[in-house]
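Subject: Structure handover

Hello,

Here is the structure for your files. My notes on it follow below.

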Amino acid sequence: MEFINKLSKNLDSAGEIDYLLVIISLFFCLITSFILMNVYKHKANSLSSKYQISNIIPLLANITFLVILIVKSSLALSLGLVGALSVIRFRTPVKEPEDLVFLFFSIALGIGYGALQIYPTTIIFVILIVIIWYFLSKSKEDFSKSFNLVVECNLEKNQDYFDNILATIKENSDEAQMVKVEKDENVTMLFYKISFNKIENMKSLITNLENSFKEIKFSLYEVKSID
């Protein structure tokens, strides 16, 4: 009987939650997180793991929403969450600061809507999206044309890679030239100088390299002179 009484009390206290408000807040969290995902895809200047990060933005926002919704009414759960997060270690670093900004933006959406702060979260979200959209679109006007591409592969296992990689690079760039080859025991390093007129061509090259050559590693970086 005591267990039934405790259970009924817990259900009564849980009934105090405004479930309609929770559903509305969850709906806004879903919509805004997918909007943020598309803004990141189209306006971010990130070059590394762009599509992988964009896919986790809605998931991260809604997981944060769930966590905040659970712990916001309990001090004990909040302290337990702090203890749990303190032991988490991220082994894969995020290489570009812009990626961190968007991930933190996604977490902020989950916190705001999880706390049922629908109006301020939505208003601030719209303002920031407008700023990101126009600020990042202007930054693309300063797009640099010259890049270095370094490809790490095993030519002994994949002998066709040598010609196929160069062909793929030429198809997706304005100019491409191989400048250096380094051979190790099992790894061959291929160095290219590439130029693009549009950032879309660079994105297309990255996508084609990832899809066509699953076993290679590559890095693409801007050619900068030291003043």
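Setting aside neighbours within four places in sequence, isoleucine 68 is in contact (heavy atoms within 4.5 Å) with Gly110, Ile111, Gly114 and Ala115. This is a predicted model, in which local features need pLDDT of at least 70, side-chain atom pairs count only at pLDDT 80 or more, and totals for chains, interfaces and linings use all residues. Residues are numbered from 1 along each chain as its sequence is written, and side-chain values use heavy atoms, with hydrogens and water left out.

Isoleucine 68 sits in helix H3; helices (H or I, at least four residues) and strands (E, at least two) are DSSP runs numbered from the N terminus. Isoleucine 68 has 18% relative accessibility and so counts as buried (under 20% relative accessible area; exposed is over 50%, partly exposed in between, with a 1.4 Å probe and protein chains only). Its C-alpha atom is 6.0 Å from that of isoleucine 111, which is 43 residues away along the chain.

Serine 54 also belongs to H3, which covers residues 50-71. Serine 54 is buried, at a relative accessible area of 0%. Apart from neighbours within four places in sequence, serine 54 contacts Met37, Tyr40 and Lys41.

Helices H2 (residues 19-43) and H5 (residues 97-114) pack at an angle of about 170 degrees, their axes 9 Å apart. H2 is therefore roughly antiparallel to H5 (angles over 145 degrees; under 35 is roughly parallel, 65 to 115 roughly perpendicular, the rest oblique). Axes here are lines fitted to C-alpha atoms, for helices over the stretch in contact, and angles run from 0 to 180 degrees between N-to-C directions. The residues that meet include Phe28, Leu36 and Tyr40 from H2 and Phe102, Phe105 and Tyr113 from H5.

Helix H8 (residues 199-212) has Ile199, Met202, Lys203, Leu205, Ile206 and Leu209 buried. Viewed down the axis of H8, the buried residues fall within an arc of 155 degrees, so they line one face of the helix; the arc is that of the directions from the helix axis to the C-beta atoms.

Now the strands. Of the 8 residues in strand E1 (residues 146-153), 6 are buried. E1 runs antiparallel to strand E3 (residues 188-195), joined by 8 bridges; strands pair if DSSP finds at least two bridges between them. Cysteine 153 has threonine 188 of E3 as its bridge partner. E1 is also antiparallel to strand E4 (residues 217-222), with 6 bridges, and glutamate 152 stands opposite lysine 217 in E4.

Regards
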